[in-house]
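This briefing goes through the side-chain pairings and the nonpolar packing of the chain shown below. Please keep the sequence and the structure in view while reading.

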Amino acid sequence: PKREVRYGGAMIDQKEIDISVAAGVLTIKGEKKQEKKSEKAKVYRKETWEGSFQRTISLPTTVDADKVEATYRDGVLRVILPKRDEAKTRRIALKSK
């Protein structure tokens, strides 16, 4: 089975997200820009954030960094972390003599 990292980043423009893998560390960074304010609407309470963010996650040695993939859909970033081939379990057949 593949491992994955999910990050809920609702209302973040996909172009503002940067994902990288280096030296066994996954880095997700980006910026959520301030929503355009409507002069007609009066906000009583706002429970959201804006600004830059960065998350770093140490990866297991079994992750194949060259095959990491990411998707962003409905405000959720999903990073797939496939195992290296040599890290996968291999069945060995018994031979009778």
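Which residue's side chain does Asp74 meet in a salt bridge? The side chain of Asp74 meets that of Arg73, at 3.9 Å from N to O, and both Asp74 and Arg73 are exposed. The model is a predicted one, and the points below are grouped by topic.

**Salt bridges**

- The count of salt bridges in this model comes to 4, and the pair of Asp74 and Arg73 is one of them.
- Glu4 and Arg78 meet through their side chains in a salt bridge with an N to O distance of 2.9 Å, a pair that links distant parts of the chain, since Glu4 belongs to strand β1 and Arg78 to strand β6, 74 residues apart.
- Through salt bridges that share partners, Glu4, Arg6 and Arg78 are joined into one network.

**Aromatic pair**

- The structure holds 1 aromatic pair, in which the ring centres of Tyr7 and Phe53 lie 5.3 Å apart and the ring planes stand at 20°, so the pair is stacked, given that planes under 30 degrees apart are assigned to that class.
- This pair, too, links distant parts of the chain, with Tyr7 in strand β1 and Phe53 in strand β4 (residues 51–58), 46 residues apart.
- Both Tyr7 and Phe53 are buried.

**Nonpolar core**

- The largest nonpolar core comprises 13 residues, and those with the most contacts inside this core are Val5, Ile17, Leu26, Ile28, Leu77, Val79 and Leu81.
- Two or more residues of this core come from each of the elements β1 (3–8), β3 (25–32) and β6 (76–81), with β6 giving the most, namely 3 residues.
- When its neighbours within four places in sequence are left aside, Leu77 is in contact with Val5, Arg6, Tyr7, Ile17, Ile19, Ile28, Ala70, Thr71 and Tyr72, a list that includes Tyr7 of the stacked aromatic pair and Arg6 of the salt-bridge network.

Key:
Residues are numbered from 1 along each chain as its sequence is written. This is a predicted model: local features need pLDDT of at least 70, side-chain atom pairs count only at pLDDT 80 or more; totals for chains, interfaces and linings use all residues. Side-chain values use heavy atoms; hydrogens and water are left out. A nonpolar core is a set of buried Ala, Val, Leu, Ile, Met, Phe, Trp, Tyr and Cys residues joined through side-chain atoms within 4.5 Å. Buried means under 20% relative accessible area, exposed over 50%, partly exposed in between (1.4 Å probe, protein chains only). Helices (H or I, at least four residues) and strands (E, at least two) are DSSP runs, numbered from the N terminus. Contact means heavy atoms within 4.5 Å. Rings of Phe, Tyr and Trp (its six-membered ring) pair if their centres lie within 6.5 Å; planes under 30 degrees apart count as stacked, over 60 as edge-to-face and the rest as tilted.
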